[in-house]
Amino acid sequence: MTGEQGGAYAGLGDWTPESLSVEGEIRAVVSAPHPVLSRAGGVVDPTSEETVRLAADLVATMRVSPGCVGLAAPQIGVGAQVFAVDVTGHPKAVTVHGTFVLCNARVVEATRWKPGREGCMSVPDLTGDVKRASRLVVEGDLPGSGESVRLVTDGFEARALQHEIDHCAGLLFLDRVASAHAVYQRKVYL
């Protein structure tokens, strides 16, 4: 499945992390209760050199982190609305758009809500059951070009996008669990 075409927005098209033309640096991931994780990130200029470098750093850090399918700027200590996602090869993923980074993303449609278990690199010892939309439409901007995109996805990739958009809004998955009974000690951390 690819992003919807038409209107003012298009899908991811030919965008790849290599489009950033800068090599990312691996950054340290911060853990809760670091204050940057509980503050909404600022809106960014997707064409700025700082945003492009941040996008490259997110991809580089995500790629060296086993089991990681998404990483948001607040998780590397930057209060900005930028995140990377790549669910390629994950056993729960059906719809896969490959590796991509979005800036200033927002959910414009969310349907088919289902519970599912989530974990987070910034909360390394816990997992929790979170109800998320399993069909999602998101709009955001691509770093580098600044092109506005509309991404339509479902299932596991939709869950990953919502998790990262929450990070950009200053929320952790723990803020979304129904109760303390829906939080568990992580048995294995990849």
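P35 sits in the segment that comes before α1 (49–63). This is a predicted model, and P35 comes out as partly exposed in it, with 45% relative accessibility.

**P35 and L102**
- P35 and L102 are 67 residues apart along the chain, and 23 Å separates their C-alpha atoms.

**E109 and R135**
- E109 pairs up with R135 in a salt bridge, with 3.0 Å between the closest N and O atoms.
- E109 belongs to strand β3 (residues 100–120) and R135 to strand β4 (residues 123–141), so this pair ties together parts that are 26 residues apart in sequence.
- As for solvent, E109 is partly exposed, at 34% relative accessibility.

- One link in it is the salt bridge between R159 and E118, at 2.8 Å from N to O.
- That bridge connects distant parts of the chain, since R159 is in helix α2 (residues 155–168) and E118 is in strand β3, 41 residues apart.
- R159 is buried at 12% relative accessibility, and E118 is buried too, with a relative accessible area of 6%.
- R132 and D166 also meet through their side chains in a salt bridge, again described by an N to O distance, here 2.8 Å.
- Here R132 comes from strand β4 and D166 from helix α2, 34 residues apart, which makes this another link between distant parts of the chain.
- Both R132 and D166 are buried.

**What surrounds E118**
- E118 has its place in strand β3, and its 6% relative accessibility falls under the 20% cut-off, so it counts as buried.
- Its side chain makes a polar contact of 2.7 Å with the side chain of R132.
- A polar contact of 2.8 Å joins the E118 side chain to that of H163.
- Leaving aside residues up to four places away in sequence, E118 touches T127, G128, V130, R132, R159, H163 and F173.

Notes: Residues numbered from 1 in each chain as written. Predicted model: local features only at pLDDT ≥ 70, side-chain atom pairs only at ≥ 80, totals over all residues. Heavy atoms only, no water. Salt bridge = Lys/Arg side-chain N within 4 Å of Asp/Glu carboxyl O. Helix = DSSP H or I, 4+ residues; strand = E, 2+ residues; numbered from the N terminus. Buried < 20%, exposed > 50% of the residue type's maximum accessible area, 1.4 Å probe, protein only. Polar contact = N/O pair within 3.5 Å; in protein donor to acceptor, adjacent residues only side chain to side chain. Contact = heavy atoms within 4.5 Å.
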